[in-house]
Amino acid sequence: MADPMRIRAVARDGSVNVKVLMSHEMETGQRKDASGKLVPAHFIQSVSATYQGKTVLQAQWGPAVSKNPFLEFNFRGGQKGDKIAVTWEDNKGEKRTDESTIN
Amino acid sequence: MNVSRRKTLKAGSSVGLFVLLGVAGLLRPGAARAADWNKQAFEQKTVAEALRALGAQSPANSDAILIKAPEIAENGAVVPIAIESRLPGTQSITLLIEKNPQPLAASFGIPAGTEASVSTRVKMGQSSDVYALVQADGKYFVAKKEIKITLGGCGG
């Protein structure tokens, strides 16, 4: 099981700034290990963020996104004290969802 | 002609249109689903092929798309890139890196109510032009910026 995401959501001026740090190798499939064998690709393919059941951001990623991916975006209408949830799924079918309270 | 069906379509058009056209046809609202991942577009080897696979063959150049990234990135493994679209009705933002083995790096669906501005960090194998492709009101626009890399990020 992957480590939890770190999600920081801050409400200001009517919009919510969301910063997410995920814990993932983001292996490209192009790198060789010490014995010269290709390390198989292992990367997050899709990410979605939801606020009160509504999708506020959706992303598809390739292996070019850096290890331990960072994502920042802003959406309008979020209230302080409410929760925002972020889910990712990788190319091996592993998933993780974490929640954070908007500050 | 099924009238009630037309009415339903009309009533839901703001949402419905968005769902249909909204996100390059490749992103749908709902939970993250790797099954929807646009494998074909991500596996293309050139920017032109990736654009074709995304259905955006000849996007118009736009200075309403801002790419915020360092001119020179010391570490190609972690290049911070922020893209902001000032085009009204922005539905998706897609990042392509010309000289990466697979140029398509990331694509973001921007639902109504979300600001057309995203930041992330990417790997770059070498100095390259990066392209920000934006779909706004169903049309495609693009901006580009060169980023120089002093240390590649895709090596072992």
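Trainee: Which residue of β6(B) is the bridge partner of W61(A)?

Mentor: A106(B) is the bridge partner of W61(A). Strands count as paired if DSSP finds at least two bridges between them. The strands and helices themselves are DSSP runs numbered from the N terminus, with at least two residues (E) for a strand and at least four (H or I) for a helix. Here β4(A), residues 54–61, runs antiparallel to β6(B), with four bridges joining them.

Trainee: How should I read the numbering, and what kind of model is this?

Mentor: Residues are numbered from 1 along each chain as its sequence is written, while chains are lettered from A and ligands numbered from 1 in the order in which they are written. The model is predicted: local features need pLDDT of at least 70 and side-chain atom pairs count only at pLDDT 80 or more, whereas totals for chains, interfaces and linings use all residues.

Trainee: What else does β4(A) pair with, and is β4(A) largely enclosed or open?

Mentor: β3(A), residues 44–51, pairs with β4(A) in the antiparallel sense over six bridges. T50(A) stands opposite T55(A) in that pairing. The two strands form a hairpin with two residues between them, and Q52(A) in the turn has a positive phi of about 50°. Six of the eight residues of β4(A) are buried, so the strand is largely enclosed by the rest of the structure.

Trainee: What is the strand order of the open sheet of six strands?

Mentor: The order is β1(A)-β2(A)-β5(A)-β7(B)-β4(B)-β2(B), with antiparallel pairing. The edge strands are β1(A), residues 6–12, and β2(B), residues 65–68, each pairing on one side only. Neighbouring strands are turned by 15° against each other on average, direction ignored. The axes are lines fitted to C-alpha atoms, for helices over the stretch in contact, and angles run from 0 to 180 degrees between N-to-C directions.

Trainee: How many bridges join the neighbours at the chain A end, and how many join β5(A) to β7(B)?

Mentor: β1(A) and β2(A) pair over seven bridges, antiparallel, with V10(A) opposite N17(A). Seven bridges also join β2(A), residues 15–21, to β5(A), residues 70–76, again antiparallel; L21(A) has F70(A) as its partner there. Four bridges join β5(A) to β7(B), where F73(A) stands opposite V118(B).

Trainee: Which residues have the most contacts inside the largest nonpolar core?

Mentor: Such a core is a set of buried Ala, Val, Leu, Ile, Met, Phe, Trp, Tyr and Cys residues joined through C-beta atoms within 7 Å. The largest has 60 residues, and L95(B), L96(B), A105(B) and V122(B) have the most contacts inside it. β8(B), residues 128–136, gives the largest share, six residues. Not counting residues up to four places away in sequence, A105(B) touches residues of both chains, among them G62(A), A64(A), V65(A) and L95(B).

Trainee: Which residues of helix α4(B) are buried, and why do they line one face?

Mentor: An α-helix has 3.6 residues a turn, so residues three or four places apart point the same way. In α4(B), residues 47–54, the buried ones are V47(B), A50(B), L51(B) and L54(B). Seen down the axis they fall within an arc of 100°, so they line one face of the helix; the arc is that of the directions from the helix axis to the C-beta atoms. They pack against α3 (39–42), β5 (90–97), β6 and β8 of chain B. Just after the helix, G55(B) takes a positive phi of about 80°.

Technical notes. A residue is buried if 20 or more other C-beta atoms lie within 10 Å of its own, exposed if 12 or fewer, and partly exposed in between; C-beta atoms are placed from the backbone. Two residues are in contact if their C-beta atoms, placed from the backbone, lie within 7 Å.
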